Amino acid sequence: MSAHWAAMSTETSSFICVPLNLLPSERKAIQDPNTTSESYAQAVDQEKQLIRDRVLNKSNQEIIDEDADRPTEDKAMVLLRALGSDLNINAFALNFRYSDGTVNDDVEEANYLNRRVVEVLSVDSPEDDATKIPFFLTSTEFEHELYGDCAKHFKKRLGLTEDELSLFVLRNVLMTPFPTEGNFIDKMVNIFQEVVEKEVEVNTQSTPGK
């Protein structure tokens, strides 16, 4: 599931999905003093495409079989292990693009989007029917006083202003060692994307002229 959060959104998506765990390309770029914003973005985009090509929509066996003839450093399993755990809590956050392609930089607007998404995919009132919720997300907040530079850097990766406002963050837990069987993850991802795209419309319609 962590691979989907990492590579779900593209440059043409109406939303941006960023996992808390840095991609290997991001960690490498941060450590390189010669990294520019352009080279950083290019490296991240290339790695996301690699994830889409070699990991997403493939079964465990397909990944293993396709890795057989690759050198160790080029194996999809090596990349997959570096993305984060699928049997633990995966933290991630969303932002959105306006119709002109501009990325929202307002933290409160991004928080508004994340809150609405988790309200759809959770039980947050006695009136909610849990049997009609396809899967569940939880949430937390990265407060400036507690998360400091971590919260600021996360905001930067989301394209947000690096202010002192709290950042609303989503979480999922996947407690199965067989997430690729039966098209399970793909179904979840499709539902999630439909929910997010619908909620993004609320944000973009509330800001005329964008």
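Helices (H or I, at least four residues) and strands (E, at least two) are DSSP runs, numbered from the N terminus. The model is predicted: local features need pLDDT of at least 70, side-chain atom pairs count only at pLDDT 80 or more, and totals for chains, interfaces and linings use all residues. Residues are numbered from 1 along each chain as its sequence is written, and side-chain values use heavy atoms, with hydrogens and water left out.

An open sheet is built from four strands in the order 1-2-4-3, with antiparallel pairing; two strands pair if DSSP finds at least two bridges between them. Strand 1 and strand 3 (138–142) are the edge strands, each pairing on one side only. From one strand to the next, the twist averages 35°. Five bridges join strand 3 to strand 4 (residues 167–173) in the antiparallel sense. Ser-139 has Leu-170 of strand 4 as its bridge partner.

Two helices lie across strands of the sheet. Helix 8 (residues 184–205) lies across strand 1 and strand 2, at about 35° to strand 2. Helix 6 (residues 107–120) lies across strand 2 (89–96), strand 3 and strand 4, at about 125° to strand 2. Axes are lines fitted to C-alpha atoms, for helices over the stretch in contact (heavy atoms within 4.5 Å). Angles run from 0 to 180 degrees between N-to-C directions.

Phe-15 belongs to strand 1 (residues 15–19). Phe-15 counts as buried because its relative accessibility is 1% (buried, under 20% relative accessible area; exposed, over 50%; partly exposed, in between; 1.4 Å probe, protein chains only). Leaving aside neighbours within four places in sequence, its contacts include Leu-94, Phe-96, Val-196 and Val-200. The C-alpha atoms of Phe-15 and Pro-71 are separated by 35 Å.
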